[in-house]
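Dear colleague,

Please find below the structure that I am handing over to you, followed by a summary of what was found in it. I would be grateful if you could read the two together.

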Amino acid sequence: MAIGETIRNSQIWKSIFRHPMPLDRRNRIVVMLTNFFLHLHPVSIKKQGIALSFTWCMGGVTFFLFLVETVTGVLLMFYYRPTLEWAYNDILALRDVTSLGILRELHRWGAHAMVITTWLHMYRVFLTGSYKPPREFNWVIGVILLLLTLLLSFTGYLLPWDQLAIWAITVGSNMARATPFLGYEGPGQQLLTIGGIDMITDGSDARFGLLGARFVGEETLNRFYVLHCIAIPLAVALLLAIHFWRVRKDGGISGPL
Amino acid sequence: MHSNGFFLKDVAGFLGGYYTFIALMNGIAALLLWKRKNQTGWALVWAVFAGAMMVLASLALSGSESMVPALPSGVRTLVNKLSGPMLYTVGTMALFTALFVFRKFFVQPMVAWSILNIAMVLMGLSMADENFAAIVMKPDNVPIVGLVFLLAFFTWVATKQAVVNDERIKQGLPPMEKLDDEKVLVWPDLVYTELICMVAVSAFLLFWAIFLPAPLEEPASSVKTPNPSKAPWYFLGLQEMLVYFDPWYAGVVLPSLVVFGLMAMPYLDFNKKGNGYYSIEERKFSYLTYQFGFFVLWITLIILGTFLRGPNWNFYGPFEYWTPYKVEVLNNVDLPQMFWVNLLDRPLPRPPQGAGTLTQIGYILLREAPGLVLLGAYLLLLPPLLAVTVFRGFFAKMGFIRYMIMANLMLLMLTLPIKMILRWTFNLKYIISIPELSLNF
C-alpha cells in the first residue's frame with residue numbers, strides 16, 4: 001500500500017491526474033470534467049439511459065470495434081504491401097509464418113462485427129424513436145457513417161488479393177457500369193455525346209473512376225488501399241466526433257420526455 | 001446425394017460441443033427457474049431437455065457416422081423440392097406477420113426460449129448435412145448466422161418492452177423508461193459498464209479469431225471467374241435484386257434511394273409520440289415500414305443471396321448440392337411483347353425504314369405505351385389518389401412537399417415486391433424495355 005501511496009503522491013502522478021481517486025462523490029464528478037478521455041460523457045445521467053435493455057450498448061461497441069480496427073489495421077500496414085507482387089504473399093505469410101498473424105483474423109472479424117453492430121445500433125435508435133426531434137440531424141450523420149462503414153469493409157475486402165477478393169469487388173463495382181448517364185452501360189449515356197463522340201466510355205465512366213482502370217487491377221488495389229487506410233478512416237473519425245458531440249448537445253441519450 | 005463419411009468426422013466434434021452448449025444453456029436456465037420456486041414446471045422441462053441434448057451430444061461424439069443426429073433424408077429432399085424464391089419470400093413474410101400480430105404471445109420468455117431451442121436444434125440437425133454445412137461454415141458466412149441470432153434476440157428484447165409500454169400507455173401510465181429517471185453518476189455506473197463491454201467484446205473477438213481462420217483462397221486471377229461470383233455478404237441483398245431489375249435500378253438507383261430515404265426519415269415522421277422509449281402501438285406506420293424494409297427487403301434477401309443462391313445465381317434448396325449444371329427455364333416476357341403480340345396479336349410497332357429521329361421516338365413511345373401508362377399512373381396518379389383516401393390524415397399534417405416525398409419513396413420501395421410478384425405470376429421480365437437507351441425497368 002505504501003508504494004501505491006507514494007506513487008499517487010508523487011509530482012508525476014499528480015501532474016497527470018489533477019485530483020484524488022474518484023472514490024467520493026466530489027471526485028467522481030471532477031474526474032468526468034478533467035479527464036480528456038472521459039469528458040465526452042456527462043457527469044450524471046438518467047438511470048434508464050444506461051440500462052442495457054434500453055441501449056444494447058451497440059453504439060459504444062461499434063466505436064470500440066472502430067478503435068480495434070484502427071490499431072490492428074495500423075499494425076497490419078507495417079507488414080502488408082499493396083502491390084500485385086506482394087499483396088497475396090504477405091497475407092499468406094501472415095496466415096502461415098508470421099508471429100501475431102492473428103492480427104489479420106482480428107481485423108477481418110472485427111470488420112464483419114462492426115457492420116453488424118452498426119445495423120443493430122441503428123435498429124435500436126429507430127425502435128426507441130430516438131431519431132425524432134431534436135436528434136434528426138444526428139441520425140443523418142449516422143446514416144452517412146453507416147455508408148462509410150460499408151465502404152470501409154468493401155475497400156478492405158480487396159486487399160488480400162485472392163479470388164474471393166477480386167471477384168467480390170468485380171461483382172460489386174460492376175453496378176457502377178450501369179449508373180444512369182455516367183456508366184457506359186447505363187441508361188441515357190448515349191445522350192452524352194459531343195460532336196458525335198461518346199463522352200461516357202469504359203475508360204471514362206463511373207466504374208473507371210471507382211477502379212482507376214477498366215477492370216480490377218493494380219490501380220484498383222492502390223486506390224482501395226488508400227481509401228481504406230487513409231481517406232475513409234479520416235472521414236469516419238471526423239463524423240464520429242460530430243456524432244458524439246451532437247449526442248451531448250441534442251440532450252444526451254434519449255428518453256421519454 | 002454425396003457420401004458424407006469423411007465430412008461427418010470433421011463436423012461431429014463441432015456438433016458434440018454444440019449440443020453440449022445447448023444442454024449447458026438449458027441446465028443453467030432450469031437452475032435459475034428452479035430457484036424462483038413459482039416456475040418449477042418449466043425448470044423440469046428444460047432440465048429434461050438438457051438431458052436430451054446431452055444424449056445428442058454423446059451420439060455426435062460416438063465416433064460412428066451413422067449415429068450423428070441428422071434430419072431424415074426424406075425431410076431434406078422434401079425441403080429442397082418445396083423451396084424456391086417465391087415460397088421463401090412469401091413464407092418469411094407470413095412468419096414476420098404472425099410474429100407481429102401475435103407479439104404478445106411470442107415475447108413471453110418461455111415461448112421465446114422454446115423458439116431459440118428449436119432453432120438451435122434444427123440448425124444442429126441441418127449441420128450434419130454436407131451441402132448445408134459447406135455453405136454455412138464458409139468463414140465469411142459465419143457472421144450472417146450470428147447476425148440472424150442477434151437480430152432475433154434484440155427484436156425480442158425490444159418487442160417485449162414495447163408490449164409492456166403499449167399496455168401501460170393504454171392504461172394511462174407513463175412508459176417503463178419514465179420510472180427510472182433518477183440521475184446517477186457516470187463514474188462509476190456508466191464507465192464500468194463500458195469497461196466490461198470492452199473486455200467482453202475483446203474476449204469474444206479473440207475467441208473468434210483463434211478458432212476461425214480468416215478465409216484466403218487461391219491468388220487472384222482475372223481469367224478464372226468463380227461460379228457463383230458473389231459480392232461481400234452485406235451487399236448480397238442488392239445482388240439478389242438483380243434477379244428482378246437491371247443493374248442501373250437495383251445496383252445504383254435503389255441503394256441511393258435507401259440512403260436518401262433513411263436520411264429523410266426523421267423529417268418525414270411527424271409523429272411526436274414514441275420518442276425515447278420502446279413502443280409499437282403509438283407509431284405503427286413508421287414501425288411497420290421500417291421493419292418491412294429492414295427485415296423483408298434487406299436481411300431476408302441477404303440470407304437468400306448468401307445461402308440459397310448457387311452457381312449461375314440459380315436457387316438451391318438448403319440441403320441441395322450446388323451443381324453448376326442445374327438448368328432453369330427462363331421464359332420471361334416483356335410487357336410490350338405481352339400487350340402487342342400476345343394480347344392484340346399484332347407485331348411490335350416498328351418505325352419504317354429511314355424514318356427521322358422524331359418518328360423513331362414516336363414509335364418507341366407507342367411500343368412502350370402500356371408500360372409508360374402503367375408506371376405513370378403508379379408514380380403520378382397514385383400519390384394524389386392516396387392523399388385523398390388512405391393517407392388523408394398524413395397529407396393534411398405533412399403538407400404537399402413532405403407528403404409527395406414520403407409517398408414516392410414508399411411507392412419506389414414497393415416496386416421491388418411488386419416486380420417479384422409480377423415475375424412469379426406472369427413471368428414478366430420488363431415493364432418498360434428501351435434497348436435504344438439501355439433503359440429497362
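**Findings**

B:R402 is partly exposed, because 17 other C-beta atoms lie within 10 Å; with C-beta atoms placed from the backbone, a residue counts as buried if 20 or more others lie within 10 Å of its own, as exposed if 12 or fewer do, and as partly exposed in between. The residue belongs to helix α18 (residues 400-426) of chain B. Between B:R402 and B:V388 there are 15 Å from C-alpha to C-alpha, at a sequence separation of 14 residues. Helices (H or I, at least four residues) and strands (E, at least two) are DSSP runs, numbered from the N terminus.

Please note that this is a predicted model, in which local features need pLDDT of at least 70 and side-chain atom pairs count only at pLDDT 80 or more, while totals for chains, interfaces and linings use all residues. Residues are numbered from 1 along each chain as its sequence is written, and chains are lettered from A and ligands numbered from 1 in the order in which they are written.

In chain B, the domain assignment (automatic or from a database) gives domain 1 (1-69), domain 2 (76-214 + 232-313) and domain 3 (335-440). The centres of domain 1 and domain 2 of chain B, taken over C-alpha atoms, are 26 Å apart. Contact between them (C-beta atoms, placed from the backbone, within 7 Å) involves 15 residues of domain 1 of chain B and 10 residues of domain 2 of chain B. On the domain 1 side, α1 (5-35) and α2 (40-60) of chain B are the elements that give two or more residues, and α1(B) gives the most, with nine residues.

Chain A contains 11 helices and three strands, in the order α-α-α-β-α-α-α-α-α-α-β-β-α-α along the sequence. Of its 257 residues, 46% are buried. The C-alpha trace of chain A spans about 80 × 55 × 30 Å along its principal axes.

Helix α7 (residues 102-127) of chain A has 26 residues and reaches 37 Å from first to last C-alpha, close to the expected 38 Å (1.5 Å times one less than its number of residues). This helix, α7(A), is mostly covered, with 25 of its 26 residues buried.

With kind regards

Notes:
Contact = placed C-beta atoms within 7 Å.
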